[in-house]
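Open the model in your viewer and keep the selection panel at hand. Each stop below gives something to select and tells you what is there.

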Amino acid sequence: MGAVDRMERVNGPGGTAGAVIAAAAAAGPAAGAADTGRALGEFLRARRARVAPEHVGIDGGARRRVRGLRREELAQLAGISVDYYVRLEQGRATQPSPEVLDALARALRLDPAERGHLANLTSVRRGPAPTARIGPSLRRLLSSLDDLPVFASNHRTDVVAWNRLGAELIGGVDDPERRDRNNARYLFLDPASREVHPDWEARAAEAVGQLRVASGRYPEDTELAGLIAGLSSLSPDFRRLWATGEVTMCAAGRKRLRHPVAGLLTLDFETLHVPAVPGETGLVVHVFSAEEGTPEALALARLAASAPPR
């Protein structure tokens, strides 16, 4: 009980990973993963389209054809020239000052996660993403949480460590033939994910938002770029969600999951961040729990009793 499995290389079941890699090679660079200028423009356009004119004191008019704000309207709200804003959207200006970023963030009504993503897209970052390792203390932590489902993932959404209960809760990640160990591939390429996650659309949008954050932070991560390109080629749902420009940071809340033994569960979850190096994204530890005495707590106990031994 509570043993932790680790893997340095993550492969999907039934050749799925190979298909993704082949599709990525055919698709070329992933939009928003390797070309930060292009990614900046796409993000600004998506956020601009989201702002309703009437919400910022602009009369939209009955014949307005533009969704959201016009370029000149956003430039005026941010206090910058229209020409400079156009160059930002076209990827010809990629390092605006902190003052311009703050003005754009206010005008676009960005939340903290979106503001951080905007800053990442305009910072100079070179080299591969730092490798996050499972250290002895983290292994002890995961192993000690015997009665709670726990798993850890990296910035590419690879599930890299788990305990027995965590493996069962998220679709049998213990067995690579049963469940792809990359969470984004699992969600978008495995129909079984829609059974495990009743709120599939929300979970899929979270995965896309997390990949977008990672691509802005690590634009030269070729594995990440290949994953995004492959999913863009293979999944219409991924392409649709990627086009929204949404970004997501792992936090806390409640999620619904379905298991053949435990049934439909609504569980609280917390995320613990383990940096690879100071200031850099590393591993995210996902911990699920239920209040003592609730039906969910009893269902987790049944799941613990029925889960295969490690």
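Predicted model: local features only at pLDDT ≥ 70, side-chain atom pairs only at ≥ 80, totals over all residues.

**Stop 1: the cores**

Select Leu44, Ile80, Tyr85, Leu88, Leu104 and Leu118. These residues have the most contacts inside the largest nonpolar core, which has 28 residues. Now show helices H2 (36–50), H3 (71–78), H4 (82–89), H5 (98–108) and H6 (112–121). Each gives two or more residues to this core. H5 gives the most, with seven residues.

Which residues does Leu118 touch, leaving aside neighbours within four places in sequence? They are Leu40, Phe43, Leu44, Leu101 and Leu110. Then move to a second, separate core of 20 residues; Val196, Leu257, Leu265 and Leu303 are among them.

**Stop 2: H2**

Select 36–50, which is H2. Its buried residues are Gly37, Ala39, Leu40, Gly41, Phe43, Leu44, Ala46, Arg47, Arg48 and Ala49. The buried residues of H2 pack against H3, H4, H5 and H6.

Check the helix length too. H2 has 15 residues, so at 1.5 Å a residue it should span 21 Å; its end C-alpha atoms are 21 Å apart, in agreement.

**Stop 3: H5 against H6**

Two packed helices are described by the angle between their axes and the distance between the axes. Here the axes of H5 and H6 come within 11 Å and cross at roughly 145°. The crossing of H5 past H6 is right-handed. On H5, select Pro98, Leu101, Asp102 and Ala105; on H6, select Arg115, Leu118 and Ala119. These residues make the contact. By class, they divide into five nonpolar, no polar and two charged.

**Stop 4: two positive phi values**

Go to the loop between H5 and H6 and pick Arg109. Its phi is near 60°, a positive value in a residue other than glycine. Arg109 counts as partly exposed, because its relative accessibility is 49%.

Now pick Thr157, in the loop between strand S2 (150–153) and strand S3 (159–162). Phi of Thr157 is near 70°, again positive in a residue other than glycine. Is Thr157 buried or exposed? Thr157 is buried, with a relative accessible area of 5%.

**Stop 5: Ala305**

Finish in helix H14 (residues 295–306), where Ala305 sits. At 68% relative accessibility, Ala305 counts as exposed.

Terms used
Residues numbered from 1 in each chain as written. Heavy atoms only, no water. Core = buried A, V, L, I, M, F, W, Y, C linked by side-chain atoms within 4.5 Å. Buried < 20%, exposed > 50% of the residue type's maximum accessible area, 1.4 Å probe, protein only. Helix = DSSP H or I, 4+ residues; strand = E, 2+ residues; numbered from the N terminus. Contact = heavy atoms within 4.5 Å. Axes fitted to C-alpha atoms, helices over the stretch in contact; angles between N-to-C directions. Left-handed = near helix turned anticlockwise from the far one by under 90°. Nonpolar A, V, L, I, M, F, W, Y, C, P; charged D, E, K, R; others polar. Expected span 1.5 Å × (residues − 1).
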